[in-house]
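My notes follow in the order of the look-ups.

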Amino acid sequence: MSDLRDRLSDGLYGLGWATVKRLPEPVAAGLGRRIADVAWKRRGKSVLRLESNLARVVPDATPERLAELSRAGMRSYMRYWMESFRLPTWSKERVERGIDIKDIHYLKEGLASGRGVVLALPHLANWDLAGVWATRVLGLPFTTVAERLKPESLYDRFVAYRESLGMEVVPHTGGSAFGRLARRLRAGGLVCLVADRDLSASGTEVTFFGETARMPAGPAILAQQTGALLLPVTLWYDDTPVMKGRVHPPVEVPGTGTRAEKAAVMTQALADAFAEGIADHPEDWHMLQRLWLADLEDREPDERGAAGQGAGEQGPGVRVPEERGAAGRALGERAPERREGGTA
């Protein structure tokens, strides 16, 4: 049964990439909304989990408001997928008119200084589109990390897809991934990581919407060890076809403390920036999995063992060995993917 599910999953993603990109854009958008509405009406585990997560983001929401948010959230999630399936066919001009990022000067100034830049993003809106915009419109190649998926053929699809969009994808293979990212940054390059979820025991605990969650310390550790600039980025949709975004001010390295203590402070700063963007646009946060520690403790044993195995978990996670000291923590985490399907 597991092998059958793997083949079915791979086949469905393959069908999406092969078919959706050939549809007229309005047709693809309408199809995404219909799929989202059907999934929302079924009230499956993912929809219920999304509502549970949104209840923490919007604690005063009524059940009716949460239902509205989860429906909008599923539509946002499927918009991500419809766009992502079509991105390989988008021209530079189509990408450019499809996104508007505020305060991009933080990124440009950081790279101009020669320091290298780490962009850290939550699962908001379409990080793949933001990545294509960086490579095609800004002319900024970057490196990201992909966690291995099951089946292997699905992982290969995601890697090939992102590489076709101009991204360098580093496999989630222990210390070698951390080393490659560090070399890119020391050379003044750009690294992008989705970084709002880490289920490993090595993740850093943060306060997120008033409760404890774990997030990867990797972005902070990379910035510490390479001197790179660490920039949070949040994205969102509105009522227009143009995705919006914001580059937040740099997260500074604390002047005192051990490397682990500094990483913890910086990761909390990332969490705070993510929370700001998510609170402003909760319907665009594609978190259909457990995040807070209180929820993780409630999982059944078989669910714990399956964590990170689905397409919804294929974010840019990378693990580095404990002998690297503070770098032994998790680096990065769908996206789309989202999401994930999807990762930065």
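I take helices (H or I, at least four residues) and strands (E, at least two) as DSSP runs, numbered from the N terminus. The model is predicted, so I kept the pLDDT limits in mind: local features need at least 70 and side-chain atom pairs count only at 80 or more, while totals for chains, interfaces and linings use all residues. Residues are numbered from 1 along each chain as its sequence is written, and side-chain values use heavy atoms, with hydrogens and water left out.

**Entry 1: the largest cavity**

Grid points are joined across faces, edges and corners, and a volume is the space filled by probe spheres set on the points.

The largest cavity has a volume of about 180 Å³. I found 16 residues in its lining, and Leu119, Leu121, Ala130, Gly131 and Ala134 lie nearest the centre. Strand 2 (117–121), helix 7 (127–137) and strand 8 (229–236) are the elements that give two or more residues to this lining. Helix 7 gives the largest share, five residues.

I sorted residues by class: Ala, Val, Leu, Ile, Met, Phe, Trp, Tyr, Cys and Pro count as nonpolar, Asp, Glu, Lys and Arg as charged, and the others, Gly among them, as polar. The lining of the largest cavity has 15 nonpolar residues, one polar and no charged.

**Entry 2: the second largest pocket**

The second largest pocket holds about 580 Å³ of space. Its lining counts 22 residues, with Ala29, Arg33, Arg79, Glu83 and Thr240 nearest the centre. Helix 2 (25–42) and helix 4 are the elements that give two or more residues to it. The largest share, seven residues, comes from helix 4. I noted eleven charged, eight nonpolar and three polar residues in the lining of this pocket.

**Entry 3: helix 2 against helix 4**

Next I took axes as lines fitted to C-alpha atoms, for helices over the stretch in contact, with angles from 0 to 180 degrees between N-to-C directions. The axes of helix 2 and helix 4 come within 8 Å and cross at roughly 140°. Angles under 35 degrees count as roughly parallel, over 145 as roughly antiparallel, 65 to 115 as roughly perpendicular and the rest as oblique. Helix 2 and helix 4 are therefore oblique to each other.

For contact I used heavy atoms within 4.5 Å. On the helix 2 side, the residues that meet helix 4 include Arg33, Ala36 and Trp40, and their partners in helix 4 include Met74, Met78 and Arg86. The contact of helix 2 with helix 4 has nine nonpolar, two polar and six charged residues.

**Entry 4: helix 3 against helix 4**

The axes of helix 3 (residues 45–57) and helix 4 (residues 63–86) come within 9 Å, crossing at roughly 120°. This pair is therefore oblique too. Val47, Leu50, Glu51, Leu54 and Ala55 of helix 3 meet Leu66, Ala67, Leu69, Ser70, Gly73 and Met74 of helix 4. I count eight nonpolar, two polar and one charged residue in the contact of helix 3 with helix 4.

Notes. 1 Å grid on protein atoms, 1.4 Å probe; cavity = no way out; pocket = protein on both sides within 12 Å on 5 of 7 lines; lining within 4 Å.
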